Structures are given as structure tokens and as C-alpha cells.
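Visitor: I would like to go through this model term by term. Please set each value against its cut-off.

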Amino acid sequence: MLRAYELKMSVREAEEKLPRQLLASLPERDLKLVEWHIVKVSLDARKKEHLKHVYTVDFCVHKDGTEPDILEKRLLKNCKRIRLEKTPVMRYDEVASGESVMKHRPVVVGFGPCGMFAALLLAERGYAPVVLERGKPVEQRMADVEQFWTDGILNEESNVQFGEGGAGTFSDGKLTTRIKDVRVRKVLEELHRAGAGEEILYLQKPHIGTDVLRIVVKNLRLRILELGGEIRFQSRLTGIETAEAADGSRRLLAAEVNAAQRLETENMILALGHSARDTFRMLRNAGVEMRQKPFSMGVRIEHKQTEVDLAQYGCSREESHLPPAEYQLSCRCKNGRGVYTFCMCPGGEVVAAASQRGGVVVNGMSNSSRNGENANSAVLVDVRTEDFGSEDVLAGVLFQEKYEALAYEAGGRSYKAPAQRVKEFLGNESDSGTDAGAVRPTYRPGVVYTDLADCLPDFVAEGLREAIPVFGKKLKGFDAPESLLTGIETRSSSPVRLLRDENLMCNLKGLYPGGEGAGYAGGIVSAAVDGIKLAEQIIRKYRPWGNYK
């Protein structure tokens, strides 16, 4: 099979014309297309009057009277109009099982993308993992989240951060990643198998959407159960028990669950998520080595999606025949701080994402259709470890908690979020909230118009004020006066990293930290890939559980 790159077609042309375009680009005639499928499709929007889709396609052709190998060599040698090459091998190869015998089943703590895919691989290979998830199954979790958004009643164990699927369940469901790893393909194929659309396998910027993602995570749960795994919801890791090994190191013996149950295991994957602050504190007290880690902080900005479409496409979405437009912007401030947009949600909404009482946190979410009135994105400023003001390894957590509490106060102590129009924020004037403006807030349980600078570090407010006009020059309308800022966003990444060695273990033997919470991933796919890597470490060492239980 061959791979063709840079096949371009107008966005107005139907995808059904792609095979004809492919054959026309090849240097021989009378070819019959035996097989073809799209590997990737992206958008070339550099010339807004000539928007194009750019395809990468795998294909196989036949020509009467010509041997397949000879035909393939001729095409590779003589093709001038497009780039051809032999289809590269991108296949996930399973690691071989080891020979050591496990005394107890492996435990996976957390059922977000990292823990879910670690558990899935272990279950597929016969290791019968036990999953501990402090939150609830997605069906019950959705009800708790809706109650919080409607009535301001927060369940600290079942919310946007905690529960089946992790924080990604209430997001845009982006599947983009910068890592190059064959495990990425396995992640995408498993998500597709669990209910995500086939397009995630080839779109340059695939996404699932929160509505479909809720179905996908439930189906992954059912598959793990069918394969012999066990999932214990409302089961929080409250302690770990260790013993001294012969070499002087400490080894895992058991997990303490809900401060009441003891679960023996010699292998535990920690897929905590970035908001498990109480668990971070427990692990620090138990002697797990960790260090401070920089993160980012800022606000959510909302625009009319139609305005973003016009700025990106040069016309309306209906005229362009394209999905809702996205953007990604960044700049460097005069003081050296980086400012960037993050987790842009076309046609989405700003959501309440607190997981602790007395704090306001915002995030972004959109359905698979991305058909909401507003676009929103985080606008974040670098937060460095020296900003924490302490050598405490969890000083970053305290830093987040401080400003989340200030946002709670600014919102009237009811989980309403502080908000401000761009014109007032940039002019440092008080916003009365009497002018509804062109952009209506989507955040529930509601917003309070106030000065956002009161609940942000000075350097974050200054960075946002410098960057927003710069972004307005890159994307027309970004700094429009009636655009809306809602605060605050503090959970873009973990403020701590749990240290691990070349075997992906921390200093306590048998304990494998990973994913976003441990500081080793930055999104759904990268966290899932890290979970697979952690499971592979256990597989390499031990026989499957079913072989000797």
C-alpha cells in the first residue's frame, strides 16, 4: 500500500471526489483503485478566498498486465504532482508478559483517561485490575454536576473533576496531541470502538464532545468489566501501607480505601488527575518523592461563534461549508511571561469546575455538534514555581486555592463566577453589568460583574492586559469591547510532579504515578498513552493473573 500526501480539494467539493483526484495525480493511467482510506485531513485557510482541505490518503491500485511490485516502484519513482511513499508501519505491538507471580491483583487509582487505559490494557491481557475511583459512574455524576450548575450545591466527590472519565468528560473532548507514539493509534481506535466517530482516526484536530464522551467512557467501563476487571466507585485512596525491602527501599503492601478498608496489592498505578489535592498531601506524608511544577492561570474569554467563523474563514460557516472555527494564539510579554489560549471550545460553554467548597474554578465544554452560540477559550499566563513564595512541595496547590477562594468571594460566595467585559478589564474601570453586550455569559449558576484583577495575581492580570490586544491583531475581534471574561481558570495542569525512575516507578517500589495529576501528560490522549505505558511495566514483569490464581 502507498501513502499520498498533500492532496488538495476545495472545501466546497464533496469528499466522494477524492478517489478521482487521487488517480488524476498519479503518473500512470488506466489504474484501478482497489482500496483507499483517509489517514488525515486538515484545513488550509491561508487564502480565505480559496479554503482547501488537505488530505493524506493510503491506497492500493491495480493495472492490468503489470505486476503489483513493479507498478508500485514506478509510481514511487515517477510521481511529481504529489508526494508518495510506502505506507509507514504504525502498529501497536503488545509487550511480552513476564514470569514473576503476583500475590494480589494490580490496583489502578483514578478512572480518567490514564487510569481507564491502564485498566483496559491490564484487563485485555488477563491481569484483572481493581480500579478505585473516588467519584461516581458517569450517569450519576452527570446528575450531581447538573445540580451544582443549577442550584450551586457542590458534591466534593462527584463533580467536573472527580468521577468516571475524569475532568475530560466535561470538556470539548479534544484528542490532539504533540507526542509521536504508536500508542496514540491504539487510544484512538479504542475510543472509536467504544462509540466515538470514525473521523477521530483521521482528522487533524479530532474531538469527541462531552455528549459523546459520556457514552464512550461508559462503554469502556463495560468492556473492562467484561474482560475481568473490577471498578469500585466512591472509593477514595486515603492511605498506603509499605514495608522495608531487603535492599533498604520501601515497597507497597496495601491501599487504604475510604479510611476504612485495606486492599492488599504490590502494584498500584496512580492516575489521580490534577485536582486530587488531598491525595497529594497524603502521598507526601507517606514519603512519595515529588517536586513543585509550574502551571498556568487565567480566565475564559467568550465571543460569538459567528464572529470567530468570520475572522477565520472570511465568511459565514454556512458559506464556507466548514465546521465551527477554532483558533490557537500565543505571545511573549515584555516581562518574559508566556500567554496563550488553551482548550478552545467552538460553540461551547464556560462551566463551573470547582471540586472544593469555597472556591470558584472555570473550564470550557462543548458538545460534539459544537452548535452553541458562543465560542470560549482559556487565556492563560505562565505561573512559575518562584511565584509560589514557598519551598513547600505543595505550594502550587496553596497558590491555586488562594485565588480560587478570592474568586469565590468576588462571585458572592454562591459559586457564581466573577466576570468582566474586555473593555472594562483593559481600561481598568468598574463594570456595572448593565450593558449585556453582544456576548451573553454561558456560565452557570451565573456571573457577577466585578473587577477580575481582584482575584488574579498582579502578573497574571498584567499579562492578560498586554496579550489580549496582541491577540486582537492576530484574530480580528478577539479584543472586541463586548467580549466577556469569566474567572478564574487554575486547573490547566498539575502544580506538582510525582518523581519516577526509568521503570516509571516512584521511590516506593510498586507505585507507578502517571497522567496529568502526576505531571506527565497534558490532555486526554497523552494521559491515556501514559496509562498504557504504566500498564506495560506491570505486564513485562508478571504473568497474567488468570494463569495462576
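Visitor: Why is W149 called buried?
Guide: The relative accessibility of W149 is 5%. Buried means under 20% relative accessible area, exposed over 50%, and partly exposed in between, with a 1.4 Å probe and protein chains only. So W149 counts as buried. Bear in mind that this is a predicted model: local features need pLDDT of at least 70, side-chain atom pairs count only at pLDDT 80 or more, and totals for chains, interfaces and linings use all residues. Residues are numbered from 1 along each chain as its sequence is written, and side-chain values use heavy atoms, with hydrogens and water left out.

Visitor: Which residues does W149 touch, not counting those up to four places away in sequence?
Guide: They are V160, F170, V351, A352, M365, R444 and P445. Contact here means heavy atoms within 4.5 Å.

Visitor: What makes the rings of W149 and F170 an edge-to-face pair?
Guide: Rings of Phe, Tyr and Trp (its six-membered ring) pair if their centres lie within 6.5 Å; planes under 30 degrees apart count as stacked, over 60 as edge-to-face and the rest as tilted. The centres of W149 and F170 are 6.0 Å apart and the planes stand at 85°, so the pair is edge-to-face. The pair links distant parts of the chain, 21 residues apart: W149 sits in helix α4 (residues 138-151), F170 in the loop between α4 and α5 (183-193). Helices (H or I, at least four residues) and strands (E, at least two) are DSSP runs, numbered from the N terminus.

Visitor: Is F170 buried or exposed?
Guide: F170 has 1% relative accessibility, so it counts as buried.

Visitor: What ties F295 to F399?
Guide: F295 and F399 form an edge-to-face aromatic pair, 6.4 Å centre to centre with 75° between the planes. F295 lies in strand β13 (residues 295-304) and F399 in helix α10 (residues 395-410), so the pair ties together parts that are 104 residues apart in sequence. Both F295 and F399 are buried. Together with F388 and Y403, they form one aromatic cluster. The structure holds 11 aromatic pairs.

Visitor: Which residues touch the most other members of the largest nonpolar core?
Guide: W149 and F478 do, in a core of 67 residues. Helix α12 (residues 458-474) gives the largest share, seven residues. A nonpolar core is a set of buried Ala, Val, Leu, Ile, Met, Phe, Trp, Tyr and Cys residues joined through side-chain atoms within 4.5 Å. A second, separate core has 54 residues, including A196, L201, I224 and I231.

Visitor: Why does T265 count as buried?
Guide: T265 has 1% relative accessibility, so it counts as buried. T265 lies in the loop between β10 (261-264) and β11 (268-270).

Visitor: Which backbone oxygen of N267 or R105 does the T265 side chain reach, and at what distance?
Guide: The T265 side chain reaches the backbone oxygen of R105 at 2.9 Å. It also reaches the backbone oxygen of N267 at 2.9 Å.

Methods: A polar contact is a pair of N or O atoms within 3.5 Å; within protein, one must be able to donate a hydrogen and the other to accept it, and residues adjacent in sequence count only if both atoms are side-chain atoms.
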